[in-house]
Amino acid sequence: MDTDSERIIREVNQVLKESRSRVVELSAPAVAVLGDARFYGPTIIVRFNPRLTMEEIGKLATRIINEVKGLSRVLAEVPHEKKVVPFVPEGVKKENARSS
């Protein structure tokens, strides 16, 4: 039987399948806001295909948040800049979004 972590990784990889991107890490739970409620869910770090544009990466990150239940946020690994970048789902005002 799948654990919740295995299910999340499997579902994220399904979304990423055609983009040739992959999950790098599933971290400890972090707080996220959904409507008026807060919940705790893992943060996922994705190594996106370097050929993707930022717009394509943003759309994939939004799909992951919308389609994979239980995630609090998606971070993108940017290897050539040696940093991890948080993505705010489409429709969320950036001034209201917080990254950890």
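Leaving aside neighbours within four places in sequence, Asn49 is in contact (heavy atoms within 4.5 Å) with Ser19, Arg20 and Ser21. This is a predicted model, in which local features need pLDDT of at least 70 and side-chain atom pairs count only at pLDDT 80 or more, while totals for chains, interfaces and linings use all residues. Residues are numbered from 1 along each chain as its sequence is written, and side-chain values use heavy atoms, with hydrogens and water left out.

Asn49 sits in the loop between strand 2 and helix 2 (DSSP runs numbered from the N terminus: helices are H or I, at least four residues; strands are E, at least two). Asn49 counts as buried because its relative accessibility is 14% (buried is under 20% relative accessible area, exposed over 50%, partly exposed in between, with a 1.4 Å probe and protein chains only).

Helix 1 (residues 4–16) packs against helix 2 (residues 54–67) at an angle of about 140 degrees, and their axes are 10 Å apart (axes are lines fitted to C-alpha atoms, for helices over the stretch in contact; angles run from 0 to 180 degrees between N-to-C directions). On the helix 1 side, Glu11, Val12, Val15 and Leu16 meet Leu60, Arg63, Ile64 and Glu67 of helix 2.

Leu16 is also in contact with Ser21, Arg22, Val23, Val46 and Phe48, among others, leaving aside neighbours within four places in sequence.
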